[in-house]
Amino acid sequence: MKNIVKSFFAAAFLLAFGGGCSQDQEVAKFDTSGENSELAYFANSETSVSLDASVPGTQTAEIYLLRQSASKEFTVALSVSGSTDFISVPETVTFKAGEYKASIFLELLKDEFVPGNDYAVRITAVNPEVDPETQSPNQIGTKNAALVFKASLALTWQPCYVLKDFSKLLSNDLTEADYVLGTDGSPVVQGGVYSYNFWWEGDDDEPTLERAAGTNTFRLTNWGGGVNLIFSVDPSKTVTVDGKEYASVTVSDQYIGSDHSTYGKVYVCDGQTYSPSKFPASEFPSYWDGGQTFVFHMMYFISDGYFDNPARETFVMNAGE
């Protein structure tokens, strides 16, 4: 059963405005006051793709830019903001004479994606100056000067089972012989106790652990305000705690399932995801100890800022006894 209470002190903390999250996006602006039939536009204002997490390597996505006149070759610059470290967009696109549609090929650096996280870029067609004498009454205002392109990894969630040897948690070749079996002869679903230390306080023994097939990405079910908490374990990236090295844990930005009475939706991520310079791993490590315990230094924040330093919270897997 849940044994947690909402912290009254959480609402009293002063927000540190301007901290921002490393994945904040700038909004590109487009002036549609000068309408002309030569102007290029997008057919949609938003599109998204879901990528197979088990397929390695960079993938390519194709989107289209349209125009109303195809009388000559026409080159349009592309202004991009957002997750440009993960989605590569060309600087220009060119319509050939006689063509009303031009392809824009985006490179998706899928291997850099954090499973469970969305990546988005806003692409704006920056049309060149056009001679006023060629102005046309055709309106582009009803079309789209910009397109938001979103990409994420498609995850297939599978339950984790209690292991006889917890150090095998990241193994991809587990068999029934590795699991603790229940009285019915079936593997025991991995539960545990999550200890909250900021927005909520106390212990919660309801979450169970799941893993996304083919990845080292996990989630705790029914965490916090009833949502699933997603995090990734990276054994190649370690943190040092009390002279010992442990596999690093990353918690990507996500909604906690609860709102602040004044500031609205509250989100969480680990301290390094929020700001590696302000909250270094040497002071606020998030890691798996190689056994039954996950340690999280959770940054609780809203869109305008954060509440306080990351709070140390833990999930301790039970042994199925």
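Guide: What follows is a conversation about pockets, contacts and backbone angles.

Visitor: What kind of model is it, and which pLDDT limits apply?

Guide: This is a predicted model, in which local features need pLDDT of at least 70 and side-chain atom pairs count only at pLDDT 80 or more, while totals for chains, interfaces and linings use all residues. Residues are numbered from 1 along each chain as its sequence is written, and side-chain values use heavy atoms, with hydrogens and water left out.

Visitor: How much space lies in the largest pocket?

Guide: The largest pocket holds about 960 Å³ of space. On a 1 Å grid over the protein atoms alone, a pocket is an open set of points where a 1.4 Å probe fits, with protein on both sides within 12 Å along at least five of seven lines. Grid points are joined across faces, edges and corners, and the volume is the space filled by probe spheres set on the points.

Visitor: Which residues lie nearest its centre?

Guide: E112, F113, V114, Y119 and T250 lie nearest the centre, out of 38 residues that line the largest pocket; a lining residue has an atom within 4 Å of a point. Strand 17 (227-241), strand 18 (244-250) and helix 1 (271-274) are the elements that give two or more residues to this lining. Helices (H or I, at least four residues) and strands (E, at least two) are DSSP runs, numbered from the N terminus.

Visitor: Which strand gives the most to the lining?

Guide: Strand 17 does, with 6 residues.

Visitor: How does the lining divide by residue type?

Guide: It divides into 12 nonpolar, 18 polar and 8 charged residues. Here Ala, Val, Leu, Ile, Met, Phe, Trp, Tyr, Cys and Pro count as nonpolar, Asp, Glu, Lys and Arg as charged, and the others, Gly among them, as polar.

Visitor: Changing topic, how many salt bridges are there?

Guide: The structure holds 4 salt bridges, each defined as a side-chain nitrogen of Lys or Arg within 4 Å of a carboxyl oxygen of Asp or Glu. One of them joins K150 and E46, at 3.4 Å from N to O. K150 lies in strand 11 (residues 146-154) and E46 in strand 4 (residues 46-52), so this pair ties together parts that are 104 residues apart in sequence.

Visitor: What about R219?

Guide: R219 forms a salt bridge with E210, the closest N and O atoms being 2.6 Å apart. R219 is buried at 18%, and E210 is buried at 16%.

Visitor: And K110?

Guide: The side chains of K110 and D111 meet in a salt bridge at 3.6 Å, N to O. K110 is buried, with a relative accessible area of 3%, whereas D111 is exposed at 51%.

Visitor: How many disulfides are counted?

Guide: The count is 0 disulfides, a disulfide being a pair of cysteine sulfur atoms within 2.5 Å. C160 is buried at 8% relative accessibility, and C269 is buried at 0%.

Visitor: Next, how many aromatic pairs are there?

Guide: There are 28 aromatic pairs. Rings of Phe, Tyr and Trp (its six-membered ring) pair if their centres lie within 6.5 Å; planes under 30 degrees apart count as stacked, over 60 as edge-to-face and the rest as tilted. The rings of F86 and F113 have centres 6.2 Å apart and planes at 70°, so that pair is edge-to-face. F86 is partly exposed at 21%, while F113 is buried at 6%.

Visitor: Why is the pair of Y246 and Y287 classed as it is?

Guide: Their ring centres are 5.0 Å apart and their planes lie at 20°, so the pair is stacked. This pair links distant parts of the chain, with Y246 in strand 18 and Y287 in strand 21 (residues 287-288), 41 residues apart. Both Y246 and Y287 are buried.

Visitor: Last topic: which residues have a positive phi without being glycine?

Guide: N222, among them, has a positive phi of about 50°, and its place is in strand 16 (residues 217-223). D242 has a positive phi of about 55° and sits in the loop between strand 17 and strand 18. N222 is partly exposed at 29%, whereas D242 is exposed at 77%. Most residues other than glycine have a negative phi.

Technical notes
Buried < 20%, exposed > 50% of the residue type's maximum accessible area, 1.4 Å probe, protein only.
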